[in-house]
Each structure stands twice: as structure tokens, then as C-alpha cells.
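Please look over the model shown here. A short report on its build follows.

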Amino acid sequence: MTDALVTRELCKVYQEGSIQVTAVQPCSVKLSAGEVIGLFGPSGSGKTTLLSILGCILRPTSGELSVFGQEVSQLNENQLPEIRRKYISFIFQAFNLFPALTAFENILLGLRIKGVVGSEAEDRTAKMLQEVGLGHRMHFLPRDMSGGQKQRVAVARALAADCPIILADEPTGNLDISNGRKVMELLKELASEKQCCVVVATHDNRIEDIFDRIVYMEDGFIRRIKRSNA
Ligand SMILES: Nc1ncnc2c1ncn2[C@@H]1O[C@H](COP(=O)(O)OP(=O)(O)OP(=O)(O)O)[C@@H](O)[C@H]1O
Ligand SMILES: [Mg+2]
């Protein structure tokens, strides 16, 4: 299996005035292409922090990270956007939709950033919105959609980009069980079809069975890694 993300002694310490918080204790993991990984742990255990570092949004304090074999921990602020553009789609806990753009336009903009434009971008956008069950809400603004609908727009935006790594922070947090499973099944399908590496930070025990591997975090430590159905 191809290694999508490899960390070596990766660690993150936040400094808030005189207080230091070690959000991620040194961790070394290998996440493969085609694998769907669940990142579980109580609130404050470091899931979002670890996911943000894997997504090259946040820099580690120490340690190394490689993305499809390319070492990125030493890259500067000008080089990281290119890695993100090429390899990574991120689904944020807070959706991060542009309030003045419709669902359709939000996804189009996301695609433009990835270099996909014109009718291909429009076709992909429409297809993804259909897939997440929002064909009837394509031209709605975020303020006119429910929390779960906005979450599905954020998911559709990430999937439309067709990146080999998808990182999702609580993507089912606002969804009922049926829509939550649909979103996860879509992610799973994509992982196997396109050999994507999907990492999902979640509290949602209802979707545990979907994952190939589950990583449990506590106080910044990876406490255990369990292969699903093993
Ligand atoms: N920007 C920051 N500055 C200082 N400390 C931070 C910052 N972001 C997070 N932390 C701290 O790091 C720890 C891990 O936070 P993180 O957001 O990664 O947890 P989480 O597992 O995602 O929690 P949740 O399930 O509530 O989303 C927490 O103790 C938090 O207070
Ligand atoms: Mg979080």
C-alpha cells in the first residue's frame, strides 16, 4: 500500500502567554492510500490539531510529516499552499462556507482554487450536490440552509476537488444517522474507487463500523490504534 501520510515524532505545543499546551504528543503513524481512518477521542484530546497538521494548515512544533513521500515539515509558507492544492481537501468543523455565495458557487470557488474551471467544474459541482442529497438546494445561500445541509455542502466541496487526501473534522456532527451514514459511505466509496486516504475526526460512535482503522487520542497521546472488525 502507498503511504499517503507519514509522521515521525510529530508534536504540537501551543504557547498562550505563559501557558504551554501540548495538544499533540510526539506521534509516529503511517496512513495509506485507500484507507479510511477514524480519529476518536474526547473533546480537547488533540484531534483537530493533529488533523490540521496532517492537512498542512498548521505547522508542527517538532517532528516530521511527509505527504506521498514528500517531506513537508521544512517547507516554508510559500511552498505549503501548493502541497495543499495538489493533495489535500479539508472539511472543517465549522464548514467555512462563504456566506455571500450559494452552495453551487461555494463549490465552484473551491474547484477554481484547485485549478478546475468551466463546464467541468459546473458538472462536477452539480453531480456532487446531487450525491449529498442537495440537488434541490444548489442555489441557496448558507444562511437559508440548515446546519446539516451546510455540512453536506462542505463535504461536497471537498469531494468535488478530487484530491488524494481528504481530512474531515466532525463531518457528521450536524447530521442525523441516515445522512451521517450516507456521507461516510460516500467517503468510503471514494477511498476505494480513487485510492484516497480519508481521515475523519469524530465523536460519532454510530459510524465506527465504517472505518478501516481507528486511532484513539487522549490528552494529545495516541493511546491505541485498532483495525476495524479485527
Ligand atoms: N490555537 C490554540 N491555542 C492554544 N491552545 C489551543 C489552540 N487550539 C487548541 N488548543 C488546545 O489544544 C488542545 C487540543 O485541542 P483540539 O482542538 O485539537 O481538540 P479536539 O480533540 O479537536 O477537541 P473537540 O473534540 O472539542 O473538537 C485543547 O486543550 C485546546 O485547548
Ligand atoms: Mg476538534
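## A helix and its surroundings

How many of the eight residues of helix α1 (residues 47-54) are buried? Seven of them are, so α1 is largely enclosed by the rest of the structure. Buried means under 20% relative accessible area, exposed means over 50%, and partly exposed lies in between, with a 1.4 Å probe and protein chains only. The buried residues are K47, T49, L50, L51, S52, I53 and L54. After α1 comes C56, with a positive phi near 60°.

## Ground rules

The model is predicted: local features need pLDDT of at least 70, side-chain atom pairs count only at pLDDT 80 or more, and totals for chains, interfaces and linings use all residues. Residues are numbered from 1 along each chain as its sequence is written, chains are lettered from A and ligands numbered from 1 in the order in which they are written, and side-chain values use heavy atoms, with hydrogens and water left out.

## The whole chain

The chain has six helices and 11 strands. Helices (H or I, at least four residues) and strands (E, at least two) are DSSP runs, numbered from the N terminus. The radius of gyration of the chain is 17 Å, close to the 17 Å that the globule rule gives for 230 residues, so the chain is as compact as a globular protein of that length. This radius is taken over C-alpha atoms, and the rule is 2.2 Å times the number of residues to the power 0.38.

The C-alpha trace spans about 45 × 40 × 40 Å along its principal axes. Of the 230 residues, 50% count as buried. Contact means heavy atoms within 4.5 Å. Among contacts with a separation of 6 or more, 68% join residues 24 or more positions apart.

## Helix α3 against α5

Two packed helices are described by the angle between their axes and the distance between the axes. Axes are lines fitted to C-alpha atoms, for helices over the stretch in contact, and angles run from 0 to 180 degrees between N-to-C directions. Helix α3 (residues 103-113) packs on helix α5 (residues 147-160) at about 30°, with the axes 9 Å apart. That makes α3 roughly parallel to α5. Angles under 35 degrees count as roughly parallel, over 145 as roughly antiparallel, 65 to 115 as roughly perpendicular and the rest as oblique.

The crossing of α3 and α5 is right-handed. A crossing is right-handed if the near helix is turned clockwise from the far one by less than a right angle, and left-handed if anticlockwise. From α3, the contact uses A103, N106, I107, G110 and L111; from α5, it uses V153, A156, R157 and A160. By class, these residues are six nonpolar, two polar and one charged. Ala, Val, Leu, Ile, Met, Phe, Trp, Tyr, Cys and Pro count as nonpolar, Asp, Glu, Lys and Arg as charged, and the others, Gly among them, as polar.

## Helix α3 against α4

At what angle do the axes of α3 and α4 cross? The answer is roughly 130°, and the axes of α3 and helix α4 (residues 118-131) come within 9 Å. That makes α3 oblique to α4. This crossing is right-handed. The contact is made by A103, F104, I107, L108 and L111 of α3, with A121, E122, R124, T125, A126 and L129 of α4. The contact has eight nonpolar, one polar and two charged residues.

## Single residues

S32 lies in strand β3 (residues 30-32). S32 counts as buried, at 8% relative accessibility. Neighbours within four places aside, S32 is in contact with M1, T2, D3, A4 and C197. K188 lies in helix α6 (residues 177-194). K188 is partly exposed, at 29%. Beyond four places in sequence, K188 is in contact with V36, I210 and D212. R84 sits in helix α2 (residues 80-87) and is partly exposed, at 28%. With residues up to four places away left out, R84 touches G55, C56, I57 and K114.

Most residues other than glycine have a negative phi. E9 has a positive phi of about 50° and is not a glycine. E9 is in strand β1 (residues 3-16) and is partly exposed, at 48%. F95 also has a positive phi, near 70°. F95 lies in the loop between β7 (88-91) and α3. At 14% relative accessibility, F95 counts as buried.
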